[in-house]
Amino acid sequence: MKSEVFSPKEYIETLPEERREAFTKLRKVILENLPKGFSEVMSYGMIGYTVPHSLYPRGYHCDPKQQLPFMCIGSQKNFISLYHMGVYGNKKLLEWFEEEYPKYSKTKLDMGKSCIRFKKMDQIPYKLIGELSAKITPQEWISIYEKQIKR
């Protein structure tokens, strides 16, 4: 569900009450673990974590005016979503995440290419998401992006 708000704080204030606590905790875990250099912005109607133009002036190949996207978190109709481009662009990271997930959650992993869906708010593996968030620096993401994704 795309949001028309302008800040992460506003975004969270628009969430249904039953999602606000889990979403706030997810955001906090990401911010506490994300390597220095990423920016928190509103991106695609969600809270995004991007490589700023100061580190990667070329920006996103689909729209160079945008900062290079890395992660987003959003509240969809039936779930909270976490989009992590690193698991899309780095096969070893994806394999690590798929192997670790059952150690942290009783629910089956519900995942697309870069989208991880959490339907049960009390089953979000915050510690694992913190570890995932810490795995790639902005410089490493730029390198992966240029080798694997940007064509």
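The following legends describe close-up views of a predicted model.

Residues are numbered from 1 along each chain as its sequence is written, and side-chain values use heavy atoms, with hydrogens and water left out. Because the model is predicted, local features need pLDDT of at least 70 and side-chain atom pairs count only at pLDDT 80 or more, while totals for chains, interfaces and linings use all residues.

**View 1. Confidence along the protein.** The mean pLDDT, the predictor's confidence in each residue on a scale from 0 to 100, is 93 for the protein. A value of 70 or more is reached by 96% of the residues. Helices (H or I, at least four residues) and strands (E, at least two) are DSSP runs numbered from the N terminus. Confidence is highest in helix H5, at a mean of 98, and lowest in helix H6 (residues 138–149), at 91. Where pLDDT is low, predicted coordinates should not be read in detail.

**View 2. The pairing of helices H4 and H5.** Two packed helices are described by the angle between their axes and the distance between the axes. Axes here are lines fitted to C-alpha atoms, for helices over the stretch in contact, and angles run from 0 to 180 degrees between N-to-C directions. The axes of H4 (residues 91–104) and H5 (residues 126–134) come within 10 Å and cross at roughly 160 degrees. H4 is therefore roughly antiparallel to H5, a term for angles over 145 degrees; angles under 35 count as roughly parallel, 65 to 115 as roughly perpendicular and the rest as oblique. On the H4 side, Leu93, Trp96, Phe97, Glu100, Tyr101 and Tyr104 take part; they meet Lys127, Leu128, Ile129, Glu131 and Leu132 of H5. These residues comprise eight nonpolar, no polar and three charged. The nonpolar class holds Ala, Val, Leu, Ile, Met, Phe, Trp, Tyr, Cys and Pro, the charged class Asp, Glu, Lys and Arg, and the polar class the others, Gly among them.

View 3. Tyrosine 101 belongs to helix H4 and counts as buried because its relative accessibility is 2%. Buried means under 20% relative accessible area, exposed over 50%, and partly exposed in between (1.4 Å probe, protein chains only). Leaving aside neighbours within four places in sequence, tyrosine 101 is in contact (heavy atoms within 4.5 Å) with Thr107, Lys108, Leu109, Phe118, Pro125 and Leu128. Glutamate 100, also placed in H4, is buried with a relative accessible area of 12%. The C-alpha atoms of glutamate 100 and methionine 46, 54 residues apart in sequence, are 26 Å apart in space.

**View 4. The buried side of H5 and its crossing with H2.** The buried residues of H5 are Tyr126, Leu128, Ile129, Gly130, Leu132 and Ser133. Their packing partners are helix H2 (17–33), strand E3 (68–75), strand E4 (80–84), helix H3 (85–89), H4 and strand E5 (115–118). The axes of H2 and H5 come within 8 Å and cross at roughly 35 degrees, and this crossing is right-handed. H2 contributes Ala22, Lys25, Leu26, Val29, Ile30 and Asn33 to the contact, and H5 contributes Tyr126, Ile129, Gly130, Ser133 and Ala134. By class, seven of the residues are nonpolar, three polar and one charged.

**View 5. Serine 133 and proline 35.** Serine 133, in helix H5, is buried with a relative accessible area of 0%. Apart from neighbours within four places in sequence, serine 133 is in contact with Ile30, Asn33, Leu34, Pro35 and Met71. Proline 35 lies in the loop between H2 and E1 and is buried, with a relative accessible area of 16%. Not counting residues up to four places away in sequence, proline 35 touches Ser133, Ala134, Ile136, Thr137 and Pro138. Proline 35 and alanine 134 are 99 residues apart in sequence, yet 5.8 Å apart in space, C-alpha to C-alpha.

**View 6. Tyrosine 44 in a loop between strands.** Tyrosine 44 lies in the loop between strand E1 (39–43) and strand E2 (46–51). Its phi is near 55 degrees, a positive value in a residue other than glycine. At 45% relative accessibility, tyrosine 44 counts as partly exposed.

Terms used:
A crossing is left-handed if the near helix is turned anticlockwise from the far one by less than a right angle, and right-handed if clockwise.
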